[in-house]
Amino acid sequence: MQATTLNAARYIAPLVKALNAAGVVWVFALMFLICADIVARTVFDDPIAGVTEMVSLSLVASVFLQLAHAVLHDRLMRVEMFIGPLERARPAAAQAWLALFGTLGLGMLLATAGGAWPNFVRAWSTAEFAGVEGIFTIAVWPIKLIIVVGCAMSVVALALQVVTALKGAFTTVEPRRWHAAAAVLIAAVAVALLARGDVEPRTVGVAMIVLVVAAIVVGLPIAFSLLLTGFIGLALIKHDVGIAAATLALAADGTVSDYVFATVPLFVLMGLFVSVSDVGRDAFRAAQTIFGRMYGGLGVATVAANAVFAAITGISIAAAAIFTKIAVPEMVRQGYTPKFAVGLTAGSSLLGMLIPPSLLLIIYGVLAEVSIGALFRAAVVPGILLAVAYAVGVVLMAWLAPNFVGHVRRDAGAQQPGGVRTVIAGLVPVVTLIVLVLGGIYGGVFTPTEAGAAGAFGAMVIALVKRRLTWAKLWDVMSETGQVSVSILFLIIAASTFSRMLTLSELPQDMAAFLGGTGLGMFGFLAAYLVLLLLLGMLLDSTSIMLIMLPLALPVAMALGANLVWFGIVTTIAIEIGLLTPPFGLSVYVIKASLGDDSMSLATIFRGAFPFVLITLAVTILLMVFPEISLALL
């Protein structure tokens, strides 16, 4: 069996790699296509026909071209709370669970491919097209075929993983405890009982929420958890497995085939180009020169550099990784305690998902059907407020808690050579990108998608001018953009299936009616909502929390009369707190990995970040109580 598996892997790996390369190049090409359309429209008043359709279909194609590679290299997001410790303590049992996870994922992708195949046949036989006849048309059958092929290749990749996991489970010597099999049996019995009885759709909805939480906690990739529970719930509500499979195919084909979703890979691409160009290092040096003479000024400079970096990337994790290597060593050298240095870096990295352009705000805007431009404008004041709160907190802690912060000096900035030249050199690329991206959006020149393309192109040019972009780094940036994007977009596809199931169960509507009748009002709902987001933040990443919670929370918020732009700002900042909270604060883990210092424990980083959790929580409550802060620029 081992020889057969190795032979299969030897043949499959090059094909998966080729499909992934095609998807990577396709995503990169979108940047040039959209930029060419901008130039054609603004300079020649002659936009390229069909750009919206080409981009929308390309997003679907790129996801499924790269999905098998993401599966094979374990890039789909999962929670390690159960499976991680189990792998260390009982490897055979962990392999059995991983075999189970692969089997469930394999089943969902098979169902998706089965539902997508008739769509491909119909598109082929009827010559279905997108666009407007006589102006621009593009055949859609190749995209539908890519969905089927991508799912099929992912099934093969998962099958290889299942075989490998089973081999590990049965060849490792340890006591046999069939927890995985028992879990499957219990879940199967529960689903069978639901299927046999005339169960209310609401009961199915509640059962699926419990099941999805359980599946995520034990370690089933979050996307597969959402697909599985959405599929089972739809099958139970409609009493038809065929309808459930067709819904999976519909979600795969239609969820991300929207021009606005191109903002995801384009802003990720921009952020990665900014990272390789060392703009973050330059911004930190400029901030150090400006604020270094203050008491605690190097800490304030770290906050300021993070705020500036956030305004051109929109990704918290990127800021955490970069400033761990830039700011932490310099702060420790200047007398700050390592605990405070890493805690401040983790805390100020949260600015990346609030200060526009924010990837999380983009996802919220798409899910809630709210203007992304309005969300970006609304986030400006809260983002500045949070940055100022961090800076004030740093100065106060430097005065009041020197044992925690360290015995810092006032003249840290004086040691920076160059003075004004350092500031100008550090800020010119940053200001250029900010004006290009945010100025383009606020000035009505670009849509958010076009701003992402223009920003990515501008960041690439800056990296080239600074001579930081080699061919190898370019391919690394393109590949990482593809893998980050496919993990997010496939998660959105899976969440769409789960959301459709919840809508059919009528559970969100019932929750809205119930909470509206309890008399708790908006503040009671917000208090419960904040607590729930904080609890989920201890386990899940930001995107997953948003995709799971919004289908339940949005109907309630709308029923209570909430402004959805304000609600998006509150949701985003509350979710981001989870990046700093144990046991699985993602920013903390990124900082730990970036440090490469075994003497710095996770517990130390969590303790260092705790004051910034409190500051962020205080700002969140302030934004909840005073919505006008978020709506000041609207």
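F64, L109, T112, C151, L227, L248, A252, F490 and I493 line the largest cavity. This is a predicted model, where local features need pLDDT of at least 70 and side-chain atom pairs count only at pLDDT 80 or more, while totals for chains, interfaces and linings use all residues. Residues are numbered from 1 along each chain as its sequence is written, and side-chain values use heavy atoms, with hydrogens and water left out.

**The cavity**
- On a 1 Å grid over the protein atoms alone, a cavity is a set of points where a 1.4 Å probe fits but cannot get out, a pocket is an open set with protein on both sides within 12 Å along at least five of seven lines, and lining residues have an atom within 4 Å of a point.
- The structure holds one cavity of 30 Å³ or more, and the largest cavity has about 40 Å³ of space (a volume is the space filled by probe spheres set on the points, which are joined across faces, edges and corners).
- At least two lining residues each come from α4 (91-126), α9 (241-254) and α20 (helices are DSSP runs of H or I with at least four residues, numbered from the N terminus).
- The lining of the largest cavity has eight nonpolar, one polar and no charged residues (Ala, Val, Leu, Ile, Met, Phe, Trp, Tyr, Cys and Pro count as nonpolar, Asp, Glu, Lys and Arg as charged, and the others, Gly among them, as polar).

- The largest pocket has a volume of about 1600 Å³, and of its 50 lining residues, R75, M77, I317, L586 and V590 are the closest to its centre.
- Helix α13 gives the largest share of that lining, seven residues.
- The second largest pocket holds about 620 Å³ of space; among its 26 lining residues, V366, L367, A368, E369 and S499 lie nearest its centre.
- The lining of the second largest pocket divides into 17 nonpolar, six polar and three charged residues.

**A helix pair**
- The axes of α14 (residues 338-348) and α26 (residues 602-625) come within 7 Å and cross at roughly 60 degrees (axes are lines fitted to C-alpha atoms, for helices over the stretch in contact, and angles run from 0 to 180 degrees between N-to-C directions).
- Helices α14 and α26 are therefore oblique to each other (under 35 degrees counts as roughly parallel, over 145 as roughly antiparallel, 65 to 115 as roughly perpendicular and the rest as oblique).
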